[in-house]
Amino acid sequence: MPPRGDPLKGRELVLGVTGSIAAYKAADLVSAVVKRGLGVTVVLTQGASAFIGPLTLATLSRRPVVTDLFAPAGTGIEHVDLSERADVMLVAPATANVLAKLALGLADDALTTTALVLKRRTPLLVAPAMNTRMWKHPATLENLDRLKARGVIVIPPAEGVLACGTEGWGKLAGVDVLVAAVEKALAG
């Protein structure tokens, strides 16, 4: 049962999950926030579905997972409806590719289209996860600066052993860090 007065209870999160090995951590994130009463709708990119299946995230969120921009959904336009309901949007993990798309305003899938139509007052958070060289690449740093200038909240990656076996910055921030960032964004 969520603690009394929990800032997550009754609020709505759109969680974008992208094609990173860290996508599997989305299951723990969804489980943690649903237990606290946060409603979660997951938007899974095609790349992410290679790492984690929609059934897992649908089971944990107790909601259908959005995987296709053009799939029939209800009576409205799915990405617009999602943006209207969202109190906060988090992209975790956020690949270098999706960061670039968001920085440039490209919208070619359900995730980037939802982010582009998000209401201005709705916080958008991104939690990058990638190889250290990708994280430090000038193009990635420029894209992050562009996003920050627009008010996007960047949750920095952690340092440690990466999936490729090297050590450095690029691990997805821990679930506790992601939850705390969502709480802070919802608080104002």
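# Close-up views of a predicted model

**View 1. Strand β1 is mostly covered, for six of its six residues are buried.** The model shown here and in the views that follow is predicted. From β1, the residues Glu 12, Val 14 and Gly 16 point one way, while Leu 13, Leu 15 and Val 17 point the other way, and all are buried. A residue counts as buried in these legends when its relative accessible area is under 20%.

**View 2. Five strands form an open sheet in which the pairing is parallel.** The order of the strands across this sheet is β2-β1-β3-β4-β5. Strands β2 (39-44) and β5 (153-154) stand at the edges and have a single partner strand each, so one side of each is left without a neighbour in the sheet. Helix α5, which covers residues 110-117, packs on the sheet and touches β1, β2 and β3 (88-94), and the direction of this helix makes about 145° with that of β3.

**View 3. Strands β1 and β2 pair in the parallel sense over six bridges.** Strands of a sheet pair through backbone hydrogen bonds, and this pairing can be either parallel or antiparallel. Along the pair in this view, Val 14 stands opposite Thr 41 in β2, and Gly 16 stands opposite Val 43, again in β2.

**View 4. Glu 12, in strand β1 (residues 12-17), makes a polar contact through its side chain with the side chain of Arg 63.** The distance given for this polar contact is 2.6 Å. If the neighbours within four places in sequence are left aside, the residues in contact with Glu 12 are Leu 38, Gly 39, Val 40, Arg 63, Arg 85, Ala 86, Asp 87 and Val 88.

**View 5. Thr 18, in the loop between β1 and α1 (25-35), is buried, because its relative accessibility is 1%.** A polar atom of the Thr 18 side chain lies 2.5 Å from the backbone oxygen of Pro 93. Beyond its neighbours within four places in sequence, Thr 18 is in contact with several residues, among them Ala 23, Thr 45, Ala 48, Val 91, Pro 93 and Leu 111. Thr 18 and Asp 108 are 90 residues apart in sequence, and from C-alpha to C-alpha they are 13 Å apart in space.

**View 6. Helices α1 and α2 (residues 54-61) pack at an angle of about 10°.** Two packed helices are described by the angle between their axes and by the distance between those axes. Here the axes are 9 Å apart. Angles under 35 degrees count as roughly parallel, and α1 and α2 are therefore roughly parallel to each other. On the α1 side of the contact are Ala 26, Ala 27, Val 30, Ser 31 and Val 34, which meet Thr 56, Leu 57, Leu 60 and Ser 61 in α2. The residues of this contact divide into six nonpolar, three polar and no charged.

**View 7. Arg 62 lies in the loop between α2 and α3 (78-85) and has a positive phi.** The phi of Arg 62 is near 65°, a positive value in a residue other than glycine. Arg 62 counts as exposed because its relative accessible area is 67%, and exposed here means over 50%.

How values were computed:
Residues are numbered from 1 along each chain as its sequence is written. This is a predicted model: local features need pLDDT of at least 70, side-chain atom pairs count only at pLDDT 80 or more; totals for chains, interfaces and linings use all residues. Side-chain values use heavy atoms; hydrogens and water are left out. Helices (H or I, at least four residues) and strands (E, at least two) are DSSP runs, numbered from the N terminus. A polar contact is a pair of N or O atoms within 3.5 Å; within protein, one must be able to donate a hydrogen and the other to accept it, and residues adjacent in sequence count only if both atoms are side-chain atoms. Contact means heavy atoms within 4.5 Å. Buried means under 20% relative accessible area, exposed over 50%, partly exposed in between (1.4 Å probe, protein chains only). Axes are lines fitted to C-alpha atoms, for helices over the stretch in contact, and angles run from 0 to 180 degrees between N-to-C directions. Angles under 35 degrees count as roughly parallel, over 145 as roughly antiparallel, 65 to 115 as roughly perpendicular and the rest as oblique. Ala, Val, Leu, Ile, Met, Phe, Trp, Tyr, Cys and Pro count as nonpolar, Asp, Glu, Lys and Arg as charged, and the others, Gly among them, as polar. Two strands pair if DSSP finds at least two bridges between them.
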